[in-house]
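Please look over the sequence and the structure below before reading the report.

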Amino acid sequence: MDVKVVIFDWDGTLVDSVDHIADSLHQAATELGYPELEREAYRDIIGLGMIEALEKLYPGISREEMNTIREGYSRYFFSKVTTPQNVFEGMADVLADLRGGGRSCSVATGKSRRGLEGALVSSGLGSHFGITRCADETRSKPDPAMLGEIIRFYGIEPSQAVMIGDTRYDLDMAQRIGMPSIGVEWGVHKRDVLGQYSPHAIVDSVKDLRDVLGL
């Protein structure tokens, strides 16, 4: 695949954190008396910014209630540090090989800046990325604002980059800006959902991802 910049989602794409996010949201909300939702509901909002995620989970929630849940979520989520062992096997090599081949790597994530900054360091992946964008400093997926900011940073067109992600929000975001995308099946959403956004490819292994990227 002939692109200059490869943009990665973080949770569920590079790092095996989906279950921890879902558990943290569940604990934070239910301890405050919010109804216990199906586990899939908590998984399905991963990739959105926290405000958008909570509005989808609990329609009509007030900003004050939202802040209370966010505080609880942060307490649970940050009790566990992302380590190199949480990175999906083979993905660190993908990043290194992309950069070694002259391509740039970036991150577009629904995480907060605070959350991503800590994870970039503790995961050991931070040095691979020229620019990273988070939902709390721009607009949440599937709005393509963060992709626009990344390609402007590199001075390229959408067609010269690719978005790699595990959720509908990643691929929807790319489709809205006219950027090719690759869906990965080891995170939140599977082929039946990812395929709705006309991705360049859907892969179910890191080996297949390497093949699509030409590594």
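This is a predicted model: local features need pLDDT of at least 70, side-chain atom pairs count only at pLDDT 80 or more; totals for chains, interfaces and linings use all residues.

Residues are numbered from 1 along each chain as its sequence is written, and side-chain values use heavy atoms, with hydrogens and water left out.

**Pocket and cavity**

The largest pocket has a volume of about 540 Å³, and among the 29 residues that line it, those closest to its centre are Gly 49, Met 50, Gly 110, Lys 111 and Ser 112. On a 1 Å grid over the protein atoms alone, a pocket is an open set of points with protein on both sides within 12 Å along at least five of seven lines, a cavity is a set where a 1.4 Å probe fits but cannot get out, and lining residues have an atom within 4 Å of a point. Grid points are joined across faces, edges and corners, and a volume is the space filled by probe spheres set on the points.

Domain 1 (5-16 + 84-213) and domain 2 (17-79) both contribute residues to the lining of the largest pocket, so this pocket lies between them; the domain bounds come from an automatic or database domain assignment. At least two lining residues come from each of helix 1 (18-30), helix 3 (50-57), helix 4 (63-77) and helix 6 (113-123), where helices (H or I, at least four residues) and strands (E, at least two) are DSSP runs numbered from the N terminus. By class, the lining of the largest pocket comprises 12 nonpolar, nine polar and eight charged residues, with Ala, Val, Leu, Ile, Met, Phe, Trp, Tyr, Cys and Pro counted as nonpolar, Asp, Glu, Lys and Arg as charged, and the others, Gly among them, as polar.

The structure holds one cavity of 30 Å³ or more, and the volume of the largest cavity is about 70 Å³. Its lining is formed by Asp 16, Ser 17, His 20, Phe 77, Lys 80, Val 81, Thr 82 and Asn 86, which divide into two nonpolar, four polar and two charged residues.

**Helix packing**

Axes are lines fitted to C-alpha atoms, for helices over the stretch in contact, and angles run from 0 to 180 degrees between N-to-C directions.

| Helix pair | Angle | Axis distance |
|---|---|---|
| Helix 1 and helix 4 | roughly 135° | within 8 Å |
| Helix 3 and helix 4 | about 110° | 11 Å |
| Helix 5 (91-100) and helix 10 (206-213) | about 15° | 10 Å |

Angles under 35 degrees count as roughly parallel, over 145 as roughly antiparallel, 65 to 115 as roughly perpendicular and the rest as oblique. Helix 1 and helix 4 are therefore oblique to each other, helix 3 and helix 4 are roughly perpendicular, and helix 5 is roughly parallel to helix 10.

**Backbone features**

Most residues other than glycine have a negative phi, and most peptide bonds are trans. Lys 141 and Pro 142, however, are joined by a cis peptide bond with an omega of about 10°, and Pro 142 lies in the loop between strand 3 (129-134) and helix 7 (145-154). Ser 198, although not a glycine, has a positive phi of about 50°, and this residue is found in the loop between helix 9 (191-194) and strand 6 (201-203).
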